[in-house]
Amino acid sequence: MRSATARRSRSRRAQTRLAAVLSATAALLLAVTVVWQSASAGFTDSTAALRPTIGAGAITLTDDDSEGKLFTVTGLRPGDTTGPRCLTVRSTNSTAGANARLSDVRLYVTGVTSSRSLANWLTVGVRIGTGGGFGDCTGFQSAAQVFTGHLADLPADGWSNGRDVWDAPAAGETRTYEITVTLDNATPNSAQGGSAGATFVWESRFQ
């Protein structure tokens with residue numbers, strides 16, 4: 001039988017990934033049942049089995065994109081900017097009371113594609129704040145800039161190297177992310193006709 005410490009360790013690895021470009025949401029709920037049973041010997045009576053159930057905490061991240069794409073842009077010229085476009089992320093953790101814990105939400109990208117090295121010339125800006133919603137930044141109020149750089153430089157190695165963007169409380173909150181994309185003025189002629197894409201992933205783990 002595994003110890004309670006081992007079960008808590010597995011709980012800490014509970015995680016949820018969600019994508020901004022093509023959304024994929026999932027929640028992992030780990031449940032472990034522990035059974036104690038009394039022993040009897042000789043002519044003594046035996047007691048009924050004791051069957052407590054221990055459930056691990058869960059993290060859920062959802063967004064408001066309704067499986068839509070945040071950007072679909074063609075015909076950019078050097079100096080052109082597209083956006084801003086917004087996306088709202090909600091975090092809900094199932095721990096409460098004395099066991100309440102923050103979840104560490106980090107941002108990274110997966111599935112980066114780039115022809116003619118276009119990802120090296122697309123500057124991406126990401127800000128976190130409140131207000132606004134998917135595709136519409138009306139009412140957005142920025143709290144911090146979390147990334148400014150080329151698409152090719154966004155962390156792509158998973159949660160461990162992702163940008164730390166939010167300490168989500170156990171009670172659950174929402175945050176809006178504003179994203180803009182600019183084609184650098186210095187983009188060379190060799191990038192003409194190029195294309196690039198990526199999936200933005202917000203991943204949360206218990207601290």
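This is a predicted model: local features need pLDDT of at least 70, side-chain atom pairs count only at pLDDT 80 or more; totals for chains, interfaces and linings use all residues.
Residues are numbered from 1 along each chain as its sequence is written, and side-chain values rest on heavy atoms, with hydrogens and water left out.

Buried here denotes under 20% relative accessible area, exposed over 50%, and partly exposed the range in between, as computed with a 1.4 Å probe on protein chains only. With contact taken as heavy atoms within 4.5 Å, and with neighbours within four places in sequence left aside, Tyr177 touches Arg85, Cys86, Leu87, Val89, Val126, Arg127, Ile128, Val165, Trp166 and Trp202.

Strands are regarded as paired if DSSP finds at least two bridges between them. By this criterion β7 is antiparallel to β10 over eight bridges, and Val124 stands opposite Val181 of β10. Eight bridges also join β7 to β8, again in the antiparallel sense, with Gly129 having Ser142 in β8 as its bridge partner.

One disulfide was identified, the criterion being a pair of cysteine sulfur atoms within 2.5 Å. This bond links Cys86 to Cys137 with an S to S distance of 2.0 Å. Cys86 belongs to strand β5 and Cys137 to the loop between β7 and β8, so the bond ties together parts that lie 51 residues apart in sequence. The torsion about the S-S bond of Cys86 and Cys137 is about 115°, and the disulfide is therefore right-handed. Cys86 is buried at a relative accessible area of 0%, and Cys137, at 16%, also counts as buried.

Five salt bridges were found in the whole structure, each defined by a side-chain nitrogen of Lys or Arg within 4 Å of a carboxyl oxygen of Asp or Glu. Among them, Asp104 pairs with Arg106, with the closest N and O atoms 3.1 Å apart, and both Asp104 and Arg106 are buried. In another, Arg175 and Glu173 have their closest N and O atoms 2.8 Å apart; Arg175 is partly exposed at 24% relative accessible area, as is Glu173 at 31%. The closest N and O atoms of Arg77 and Asp80 are separated by 3.8 Å, Arg77 being exposed at 58% and Asp80 partly exposed at 24%.

Turning to the backbone, a cis peptide bond with omega of about 5° joins Gly83 and Pro84, and Pro84 is found in strand β5. Positive phi values in residues other than glycine include that of Arg116, near 55°, and that of Ser117, near 60°.

Notes: Helices (H or I, at least four residues) and strands (E, at least two) are DSSP runs, numbered from the N terminus.
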